[in-house]
Amino acid sequence: MTSGKFKKPPKIGFISLGCPKALVDTERIVTDLRAEGYLISSTYKDSDLVIVNTCGFIDAAVEESLQAIAEALDENGKVIVTGCLGGKDRGSFISMKFPQLLGVTGPDEADRVLELVHENFPSPHEPFLDLIPRGGVRLTPRHYAYLKIAEGCNHHCSFCIIPSLRGKLVSRPIGSIMREAENLVRAGVKELLVIAQDTVAYGVDVKYRLDFIGGRAVKTNVKVLFEELGKLGVWVRAHYMYPYPVVDDLVPLMAEGKILPYLDVPFQHAQPRVLKAMKRPGSESNMERINAWRSICPEITIRSTFITGFPGETEEEFQYLLDFLEEARLDRVGCFAYSPVEGAAANDLPGAIPQEVREERRSRLMALQEKISRDVLSRKVGSTIRVLVDEAPGDDGIAVARSASDAPDIDGLVLIEGGPMVLPGDFVDVKITRSEDYDLYGKIVKK
Ligand code: SF4
């Protein structure tokens with residue numbers, strides 16, 4: 001460019017649907033586009049092109065993705081689809097419904113998305129436009145970030161189609177994960193949320209091969225990874241831990257304060273026959289394992305998710321699950337009514353449960369868990385806990401924060417009443433003054 005004038009860079013709009021793993025893909029595409037000088041727009045009208053990152057996990061997510069694509073086509077017209085649903089039937093599921101799209105890619109195909117953008121709006125590469133914040137462009141607030149360590153899954157849970165959408169497990173090199181984590185910490189991140197479809201399987205696909213972190217040879221394995229992340233001096237929170245025995249190896253790291261004492265372990269059910277039909281690990285030992293985790297790390301928070309109304313689930317089997325929850329007294333519980341996702345093996349099982357019964361069981365489970373949560377939280381009143389501030393005080397004077405027990409978006413909050421002033425990303429100690437069903441209230445005792 002010799003005239004000294006810059007061409008106006010194309011503006012790209014984004015719709016990112018689905019789970020944190022999809023959000024990480026979107027962040028990568030946004031980072032790469034910004035690195036090439038594209039601008040990011042927040043409105044259809046102002047965008048030259050819109051990228052829709054879709055989710056295909058359950059029917060409701062498929063419907064939401066289809067609506068988002070239709071809306072983007074209506075409002076803008078130039079649309080690229082990526083993500084889980086984009087990968088369905090190698091793209092033909094979406095391209096047959098929307099032949100006017102500029103292109104369709106599956107998950108983890110950021111490079112193909114960039115090619116499609118280039119084909120339609122060539123890269124406006126300008127050295128003066130290349131200033132990317134260290135740590136890339138993130139869609140989460142500045143002080144926490146998702147760190148994706150692997151893609152895909154080797155399991156065959158009968159209710160799930162993710163392995164057919166995302167493929168088999170592929171672990172990222174440990175050196176590259178650590179470089180990304182270090183950049184994020186240098187960019188101001190205070191909490192790393194480690195994600196994958198199955199976090200504890202990390203390294204299985206590469207047979208735990210040796211890799212290098214800053215010239216040091218280390219094994220590609222989940223325990224080593226968490227030990228290394230634990231040295232960065234920020235909160236490290238592990239998500240989506242399939243209940244393998246290797247989870248037991250991570251609890252001592254929590255007890256030693258290397259990573260947060262937070263175990264996100266989706267049990268999905270408790271009754272042995274139902275678990276077998278789900279193709280999930282057996283249940284007899286789960287209560288014993290929970291007790292063992294608690295004896296190694298008494299402050300551990302255990303989060304889990306469950307499915308109600310799985311095909312063939314009898315009322316007695318559902319009651320078995322409720323009894324398990326009464327005994328386990330898990331800190332955090334999510335629950336889905338079974339959704340017969342197209343292509344899931346479980347749909348062929350006998351004994352489909354009517355939608356109202358699936359929902360009614362879900363409500364009963366959540367009502368029980370509400371009582372348990374209320375009781376668990378009420379025991380924290382009077383204690384002092386460390387929290388990370390998410391939002392400065394609003395007009396009501398209340399600042400929003402989270403403790404080690406609270407992952408963003410899915411768990412409860414710690415609401416701080418009264419001064420002094422705090423900002424997002426601050427760590428403070430809070431004395432808990434009262435509790436509700438899922439949230440705590442407190443006052444700052446130490447900044
Ligand atoms: S572990 Fe099971 S539920 Fe999770 S992604 Fe793999 S197949 Fe799906």
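In this predicted model, the axes of helix α7 and helix α8 (residues 247–255) cross at roughly 15 degrees and come within 10 Å. Angles under 35 degrees count as roughly parallel, so α7 is roughly parallel to α8. Their crossing is right-handed.

Helix α7 (residues 222–229) also packs against helix α6 (residues 174–186). Here the angle is about 25 degrees, and the axes of α6 and α7 lie 11 Å apart. The pair α6 and α7 is therefore roughly parallel too. The crossing of α6 and α7 is right-handed.

Helix α11 covers residues 315–328, a run of 14 residues. At 1.5 Å a residue, α11 should span 20 Å.

Cysteines C153, C157 and C160 are among them, together with H155. I162, P163, Q197, D198 and Y242 also surround the ligand. By class, the shell divides into 6 nonpolar residues, 2 polar and 1 charged.

At the level of the whole chain, the domain assignment gives domain 1 (11–129), domain 2 (144–378) and domain 3 (384–446). The centres of domain 1 and domain 3, taken over C-alpha atoms, are separated by 35 Å.

Conventions. Residues are numbered from 1 along each chain as its sequence is written. This is a predicted model: local features need pLDDT of at least 70, side-chain atom pairs count only at pLDDT 80 or more; totals for chains, interfaces and linings use all residues. A residue is near a molecule or strand if its C-beta atom, placed from the backbone, lies within 6 Å of it. Ala, Val, Leu, Ile, Met, Phe, Trp, Tyr, Cys and Pro count as nonpolar, Asp, Glu, Lys and Arg as charged, and the others, Gly among them, as polar. Helices (H or I, at least four residues) and strands (E, at least two) are DSSP runs, numbered from the N terminus. The expected span of a helix is 1.5 Å times one less than its number of residues. Domain bounds come from an automatic or database domain assignment. Axes are lines fitted to C-alpha atoms, for helices over the stretch in contact, and angles run from 0 to 180 degrees between N-to-C directions. Angles under 35 degrees count as roughly parallel, over 145 as roughly antiparallel, 65 to 115 as roughly perpendicular and the rest as oblique. A crossing is left-handed if the near helix is turned anticlockwise from the far one by less than a right angle, and right-handed if clockwise.
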